[in-house]
Amino acid sequence: MASKSKKNPIWAFLASVKLALLLIALLASTSIIGTVIEQNKPTEHYVTQWGEGSAQIIQMLNLNDMYNSVWFLCLLGAFSLNLIVCSLDRIPTVVKIVHKDNLDTDPDRLPKMKFHAQEKIPGTLTSATEEVKKYLGKKGWKPGTRPQQYGTLFFSQKGAWTRYGVYVVHLSILVILLGAVIGSSTVATKILGNREFAFKGGISLPETAQSDFVFSYTDEEKIPLGFTVRCNFFDIDYYPGTGMPKDYLSGLTVIEDGKEVLTTTIEVNKPLIYRGITFYQSSYNQIGAAIIKLRETTSGNIHAFPVNPQNFSVTHQWKEGGSDAMIRIQSARPIHTPDGRESTEMQMWLMDSDGPPSMFTLMYGRPVIVERPKATYELSIGPHFATGLQVAKDPGVWWVYTGCALMLIGLYMAFFMSHRRIWAHVYEIDGQPVVVFAGHANKNSLGFAKTFSSLTENFTKRSS
């Protein structure tokens, strides 16, 4: 293959390490650009952040969706081609080393190796040969043998397959890149012609509202989900006295064929994954006047009802513990709170199938506990929010995970394991059997020196 590289300049160019370093440098530098420039933001964001002229350049070069841009995918393709050709160019040499007939080694070379030792053996040449064979086998070095002109040559090796470690790393990179391509919305749209195959999008979903589509980050077109997702409630926690959000979360329900199939709560770093589509909690915004929320303290179930300032008397219903329940604002009046603020005081009516209705007062920012015969509710009224969901479908993610696992295996093989070889030549000098041990490791010489010393020293001590 080496001679082929010399004859074919294109092959030699594609297999060169210089090309690999150039492509890695380009991928690394452009990835930095993709980190500095926020991805998949509206046009107005780039105009605000970078100015109108720079925003045009950013969009012209697709730096706003860099990892899905055609030129970045071409860079990945070139790097993959370089990696494949590089591996094909060098693997035959490794295969030759792994499958080399080491029993064809000239015994005269053994004393010239870095690791070697010589020991006299009592008895005949035949008994000495058998003794060395048994000793190596006992130590886990199951040797092959070949008669030589003056004796017998033994050879055994461990970890020959570790020489493929670097190529396992190469394969892992290719698998990861394949996963990135499979999960690219550009590939899904422009090559597969199916934007639902892989996409990144988002939606702002008001509390109690539902949607069966999201908007693509690429062209803001609707992408159907194949099911419906509903925001049951949105909740936000602030740092005391600062008004800064500490945490925020959304209660979501997945509805498919008219049935609620999954209800969960998501927050930052805790997404919802359903049918390969991941919903991340990404933002929020206040959209309406107010919303009433009821949390049943035992089950933790939360029910939310937007308040219509023009029609307070609407009755809202829900089910709790299999029973129907309902709530209604009987009346409302503006008041001044003790701290001088303007607020609204509402007279509430809550009813279920267990006892007479409960009447109580509810004000903004002041939760109320209402105890019913079979349930206890914590009620509050506050701003009506819409939860901002980032939605992604990435069918290449398991390829990426597989590639990462392969990379760990390959790196361990390449850096922490070695190809160790042991020779033993048994022959006679003036009628005295002698064994010459020799060994070699392709890396970690210090560790192999301990192994070789232990092997030869224990052989010396075997009869003492």
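Two strands count as a pair if DSSP finds at least two bridges between them. Helices (H or I, at least four residues) and strands (E, at least two) are DSSP runs, numbered from the N terminus. The model discussed here is predicted: local features need pLDDT of at least 70, side-chain atom pairs count only at pLDDT 80 or more, and totals for chains, interfaces and linings use all residues. Residues are numbered from 1 along each chain as its sequence is written, and side-chain values use heavy atoms, with hydrogens and water left out.

We begin with a sheet. Five strands, in the order S1-S19-S18-S3-S2, make up an open sheet with antiparallel pairing. At its edges are strand S1 (115–120) and strand S2 (144–148), each of which pairs on one side only. On average, neighbouring strands of this sheet are turned by 15° against each other, direction ignored; axes here are lines fitted to C-alpha atoms, for helices over the stretch in contact, and angles run from 0 to 180 degrees between N-to-C directions. Within the sheet, eight bridges link strand S3 (residues 151–158) to strand S18 (residues 420–429) in the antiparallel sense. Ser-156 has Ile-422 in S18 opposite it. What holds such strands together? Strands of a sheet pair through backbone hydrogen bonds, either parallel or antiparallel.

Another open sheet has four strands, ordered S12-S13-S14-S15, and its pairing is antiparallel. Strand S12 (315–320) and strand S15 (358–363) are the edge strands, pairing on one side only. Strand S13 (residues 323–336) and strand S14 (residues 342–352) run antiparallel and are joined by 11 bridges. In one of these pairings, Arg-333 has Glu-345 in S14 as its bridge partner.

Next come two loop residues. Asp-257 lies in the loop between strand S7 (245–256) and strand S8 (259–267). Its phi is positive, about 55°, although Asp-257 is not a glycine. Most residues other than glycine have a negative phi, and most peptide bonds are trans. Asp-430 also has a positive phi, near 55°, and is found in the loop between S18 and strand S19 (432–441). Are these residues buried or exposed? Asp-257 counts as exposed because its relative accessibility is 75%, and Asp-430 counts as exposed at 81%. The cut-offs are under 20% relative accessible area for buried and over 50% for exposed, with partly exposed in between (1.4 Å probe, protein chains only).

Two helix residues fall into the buried class. Thr-129, in helix H7 (residues 125–138), is buried with a relative accessible area of 16%. Leaving aside neighbours within four places in sequence, Thr-129 is in contact (heavy atoms within 4.5 Å) with Thr-152, Phe-154 and Val-426. Gly-410 lies in helix H10 and counts as buried at 0% relative accessibility. Not counting residues up to four places away in sequence, Gly-410 touches Gly-165, Val-168 and Val-169. Gly-410 and Ile-58 are 352 residues apart in sequence, and their C-alpha atoms are 38 Å apart in space.

The last topic is empty space. Rolling a probe the size of a water molecule over the atoms shows where empty space is left. On a 1 Å grid over the protein atoms alone, a cavity is a set of points where a 1.4 Å probe fits but cannot get out, while a pocket is an open set with protein on both sides within 12 Å along at least five of seven lines; lining residues have an atom within 4 Å of a point. Grid points are joined across faces, edges and corners, and a volume is the space filled by probe spheres set on the points.

The largest pocket has a volume of about 840 Å³. It is lined by 32 residues, of which Asn-40, Lys-41, Ser-216, Tyr-217 and Thr-218 are the closest to its centre. Helix H9 gives the most to this lining, with four residues. By class, the lining has eight nonpolar, 16 polar and eight charged residues; Ala, Val, Leu, Ile, Met, Phe, Trp, Tyr, Cys and Pro count as nonpolar, Asp, Glu, Lys and Arg as charged, and the others, Gly among them, as polar.

The second largest pocket has a volume of about 700 Å³. Of its 29 lining residues, Gly-183, Lys-200, Asp-394, Val-397 and Val-400 lie nearest its centre. H10 supplies the largest share, four residues. The lining of this second largest pocket has 17 nonpolar, nine polar and three charged residues.
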